[in-house]
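Have a look at the aromatic rings in this protein. How do they pair up, and where do they sit?

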Amino acid sequence: MARYFHLINDEEIERLGPILRILRDNRPGVLERWYELYTLHFGPDRTFAREEFESYFGLDLDAVVSTLLERDIVALAREVQKVGARMVERGVPFEEIIASMHLFEESAAHYFRHKLSILAKGPDVLLTFDKLSHVRMILLAQVYFGVHDARSAARTRRQELDLERLDPEAAQRTSFHGMVGASAAMRQMYSRIQQAAHGRASILIAGESGTGKELVARAIHECGPGGKSAFIAVNCAALPRELIESELFGHRKGAFSGAVGEYLGLVRAADGGTLFLDEITEMQPETQAKLLRVLQDRRVRPVGSTQETAVDVRFIASTNRDPTLAIAEGKLREDLYYRLKVHTLALPPLRDRAADVPLLVEYFIDLFNERYPRVVKGIEADASAALARYAWPGNVRELMNAIEVAFAYGRGDSIALEDLPLEMSGLAPHVERRDPVLMFNSDELPTFEDSERALLTRALAMTEGNKVRAAKMLGISRKQLYAKIRKFGIAVSED
C-alpha cells in the first residue's frame, strides 16, 4: 500500500500543515458543507443520513488530519483502510464512496476560499492536497475490492469444503467458485471457464438477466493468473452518459467542470487484474469506440490528457441481449464485439437446467439461515414440485428472491407451498397468507430492519421485479425503493 506515497514527499506533507489545521479547527463546517453536497449529488438514493454520514466520513477526516500532522504515513494508510472496510460492511456502493471523496475536495476548497486566505500561499499547497485525495482513493479502492474478493474466496472455500466432506466427487459436480449446479450444461460451463481463464484474452458472457454473469466473470478472474489482483465490476447501465468516460478512463484536473483533481479511472484501478463491464450494450457507441482503442493498444488516455498510460487489464464484458441482434440494432459495435469475443460464454437460463433447482434451493436455504433468525431445515414436497414446474423468467435471481420471500412469510421449520410467491405456488390469491410478524419462534420478534426487508422482497416478488408497481404497492417513490434495495442488498433485475 505504501508504494503510492511516492506521489507525496516530506516537503509537501509539511506544506499541508496549514490546511490540516484548518480542517481540524473547522471540522463542523467542513462536514456540514460536505454533507450538503453529498445530499444534492445523491438525493434520496444516498446511503447515509446525516448522523451516519458524519460518523463514517468524520472518522476519515479525523484520521487524515491527525496522522499527517504527525507525519505518520503508515498510520494514515491503516486508518483509511479501516474506514474503507467499514463501508464495505455497510454495503456502500463503490461509486458512492469515490464520488464522496471528490465532494470532500469540493467542500474543503469552498471552505478555504470563503473562510481563510489559504490561496495566498500559492497553488502548490492545493496541488498537494489533490495528490493526497488521489492516494486516499487508491487505498479505498484497494481495501474495498480486497474485502469483496476475500469474502468471495472464503464463501467459495466453505462451500467446497462442505461438499468435499459429503462426497469428494460431488464437490466437482455441484459447485464451482460460488456457482451451484450439477447439470450437464453447468459442468460444461465450469470446464469452459477454466479454459478461458488460462490467458489474458478478452471474454464476452451472454445470458439472460439473473443467470449469474458476474459470478462467471469472478470465477474466470479467480481461476486465472491474476486471481489475487483487483476484480472491478462496472454496471454500464448505471453510469451516467456524461460521466462514463471519466469513470472508466480517468480524468486530469480541470478536464471539465467539477474535475478538481486527477482521477485514476476504473481501467487503471484494475491494472494487473480484471475489469468486468456488465451490460456492455448499454454503453454509448462513442464510448465503445474509445474502449476498443484501449483493448487494441492496451493503453488508456484520461479525459483532458494528451498522454497515454500502459495498462495490463483483462476485459470481461456481458450482455443480456443476443449479440448479433444487438449489433443489428446499433447497441453493440461490430468491431468491439469481435475484439471481445476471443472467448464467448453463453450462460444457460434456469429453465434449461431445471435439474439444478433443488441444489439451488438447498444453497439459498443455507444462505438465508445465516441471515435470518428463523431456522429452515428444508422444503416440503409440494413446494418443491411447484418450483420444478415453474418457468423461471427471472432465472436464478428470481429463485433466490422466492426463497427469501418464503423465509420472510413462513413460520415452520420447512418451506411450505403457501410460503412461496403466488405465481409459483399456484394458490388462489384469496388464500390467507401468513403474517410476517409471526415468521420467527414465539419468543422472538423480528427487527424493524428484517420486517422491512421482508416487505420489500415480497412486493418485488409479487410484481415480478417491476419497481414502479412495487413502489406504488408500498406507497413510496421509486427513488426511495431504489435506495432501500441498495440498503438491503436485494437482488433484482435492471429495468
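Predicted model: local features only at pLDDT ≥ 70, side-chain atom pairs only at ≥ 80, totals over all residues.

Residues are numbered from 1 along each chain as its sequence is written, and side-chain values use heavy atoms, with hydrogens and water left out.

First, the rule: rings of Phe, Tyr and Trp (its six-membered ring) pair if their centres lie within 6.5 Å, and planes under 30 degrees apart count as stacked, over 60 as edge-to-face and the rest as tilted. That gives 17 aromatic pairs. Here are two of them, including their angles:

| Pair | Centre to centre | Angle between planes | Type |
|---|---|---|---|
| Tyr-35 and Tyr-38 | 6.0 Å | 40° | tilted |
| Tyr-38 and Phe-42 | 5.3 Å | 55° | tilted |

Tyr-35 and Tyr-38 are 3 residues apart in helix 3 (residues 27-42), so about one helical turn separates them. Helices here are DSSP runs (H or I, at least four residues), numbered from the N terminus. Tyr-38 and Phe-42 lie 4 residues apart in helix 3, again about one turn.

Buried means under 20% relative accessible area, with a 1.4 Å probe and protein chains only. Tyr-35 is buried at 7%, Tyr-38 at 0% and Phe-42 at 16%.

Now the charges: one sits over a ring if NZ of Lys or CZ of Arg is within 6 Å of the ring centre and within 35 degrees of the ring normal. Arg-86 has its charged end over the ring of Tyr-56, 4.1 Å from the centre. Arg-374 lies over the face of Phe-407, 5.7 Å from the ring centre.

Definitions and conventions
Helix = DSSP H or I, 4+ residues; strand = E, 2+ residues; numbered from the N terminus. Buried < 20%, exposed > 50% of the residue type's maximum accessible area, 1.4 Å probe, protein only.
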